[in-house]
Amino acid sequence: MTAATMATSSPASADATSGQARDRAFWGVLMLAPYVLVFAVMVVYPVAYGLWIGLNFESYKALFADPIFIRTVINTVVFLFVAVNLKFLIALFLSGFFVAQRAWVRFILVLFILPWAVPSIPTILSFRVMLNPENGMINQQLFQWFGIMEGPGWLTDPTLAFASSIVVHIWKSLPFWTLILVTGRLAIAQDLYEAASVDGANKWQQFRFITWPSLATLYVTSTLLSMIWTLGDFNSVYLLTGGGPGDLNHVLATLGIRYMRNNNLDLGIASIIVAMPLILPMVWFMVKRLSKGAE
């Protein structure tokens with residue numbers, strides 16, 4: 001092949017390569033366009049519209065003047081502190097039980113996972129039926145077993161209704177976090193326990209000096225993630241009590257629905273935005289911990 005032929009074919013091949021690259025880029029953009037459009041319509045637009053509505057500072061004045069909002073903030077803090085910590089203490093205990101390598105334990109584990117695997121709406125609504133003060137199964141059983149004519153007002157007493165929401169939340173999400181801690185326990189080398197047993201360490205000492213140091217990072221990270229998810233838990237409160245009785249048991253995740261139901265969209269958006277100071281520090285701290293773990 002002569003030098004002239006090579007000089008002629010080289011630009012032609014370069015043009016063909018660039019043409020193929022343009023075709024791939026065109027088809028790539030064409031394929032991504034529907035996803036970008038759906039993301040823009042379903043995510044970007046609602047968030048931008050909500051932030052635009054949230055720029056009305058008069059909404060925040062009305063929000064902080066509403067006594068229901070102040071009680072809701074207190075409810076949210078109590079819900080987070082009690083539900084998350086109690087849930088993880090129980091999960092830590094149960095993870096030690098389910099890590100046992102026995103067939104009957106694995107069978108119980110399968111049954112234990114069911115509340116988390118089943119959708120929230122039928123399970124929580126079933127609790128609502130069982131806790132009905134007039135004809136619910138629980139009060140009927142209290143009458144049959146103990147002769148209690150008038151059972152507790154599980155959903156009509158504000159304190160009992162709020163406590164019931166916490167119990168339902170723990171019952172629903174406990175299996176997931178228990179499995180996370182079971183996975184962490186299974187990653188611990190069994191040689192450490194065997195050596196500690198030979199040295200005469202009891203179960204508590206093995207937990208204190210082997211299990212807990214190995215699980216501490218996972219436990220704290222999972223707790224932070226659970227707090228973020230619990231802060232946005234709508235189902236446990238709204239499906240069980242609707243925020244009642246008397247709108248006294250709302251949390252921030254359900255308060256916005258109360259305002260929107262009363263045609264106060266600006267207050268509903270404002271109640272969601274004021275939750276950001278609670279969410280963002282937890283997200284930042286969790287990401288920072290995960291970044292340290294990756295390093």
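1. Let's start with D247: at 22% relative accessibility, this residue counts as partly exposed. The labels work like this: buried is under 20% relative accessible area, exposed is over 50%, and partly exposed is in between, with a 1.4 Å probe and protein chains only. Before going on, note that this is a predicted model, where local features need pLDDT of at least 70, side-chain atom pairs count only at pLDDT 80 or more, and totals for chains, interfaces and linings use all residues. Residues are numbered from 1 along each chain as its sequence is written, and side-chain values use heavy atoms, with hydrogens and water left out.

2. Which residue does D247 pair with in a salt bridge? The partner is R258, and the closest N and O atoms are 3.1 Å apart. A salt bridge here is a side-chain nitrogen of Lys or Arg within 4 Å of a carboxyl oxygen of Asp or Glu. R258 sits in helix 11 while D247 is in the loop between helix 10 (235-241) and helix 11, so this pair ties together parts that are 11 residues apart in sequence. Helices (H or I, at least four residues) and strands (E, at least two) are DSSP runs, numbered from the N terminus.

3. R258 has a second salt-bridge partner, D66, with the closest N and O atoms 3.5 Å apart. D66 lies in the loop between helix 2 and helix 3 (67-98) and R258 in helix 11 (residues 252-261), so here the parts tied together are 192 residues apart in sequence. Both ends are buried: D66 has a relative accessible area of 16%, and R258 has 12%.

4. While you're looking at helix 11, its buried residues are L252, T254, L255, G256, R258 and Y259. After the helix comes N263, whose phi is positive, near 60 degrees.

5. How many salt bridges does the structure hold? There are 3. One of them joins the side chains of E58 and K61, at 3.7 Å from N to O. Both residues lie in helix 2, 3 residues apart, which is about one turn of the helix. As a reminder of the geometry, an α-helix has 3.6 residues a turn, so residues three or four places apart point the same way. E58 is partly exposed, at 48% relative accessible area, whereas K61 is exposed, at 57%.

6. Helix 2 (residues 57-65) also holds F57 and Y60, again 3 residues apart and about one turn of the helix. Is F57 buried or exposed? F57 counts as exposed, at 63% relative accessibility, but Y60 counts as buried, at 17%.

7. On to the rings: the structure holds 16 aromatic pairs. In the F57 and Y60 pair, the ring centres are 6.4 Å apart and the planes stand at 45 degrees, so the pair is tilted. For the rule behind that, rings of Phe, Tyr and Trp (its six-membered ring) pair if their centres lie within 6.5 Å; planes under 30 degrees apart are stacked, over 60 edge-to-face, and the rest tilted. Elsewhere, ring pairs link F88, W116, F176, W177, W212, Y219 and W229 into a cluster.

8. Now find helix 4 (residues 103-117) and helix 7 (residues 158-186), whose axes come within 6 Å and cross at roughly 125 degrees. Axes are lines fitted to C-alpha atoms, for helices over the stretch in contact, and angles run from 0 to 180 degrees between N-to-C directions. Helix 4 and helix 7 are therefore oblique to each other. On this scale, under 35 degrees is roughly parallel, over 145 roughly antiparallel, 65 to 115 roughly perpendicular, and the rest oblique. The residues making the contact include F112 and W116 of helix 4 and W171 and F176 of helix 7, where contact means heavy atoms within 4.5 Å.

9. Compare helix 8 (residues 190-198) and helix 9 (residues 203-231): their axes come within 11 Å and cross at roughly 150 degrees. These two helices are therefore roughly antiparallel to each other. L192, Y193, A196 and S197 of helix 8 make the contact with Q206, I210 and T211 of helix 9.

10. T223 is buried, with a relative accessible area of 13%. Leaving aside its neighbours within four places in sequence, T223 is in contact with V84 and F88.
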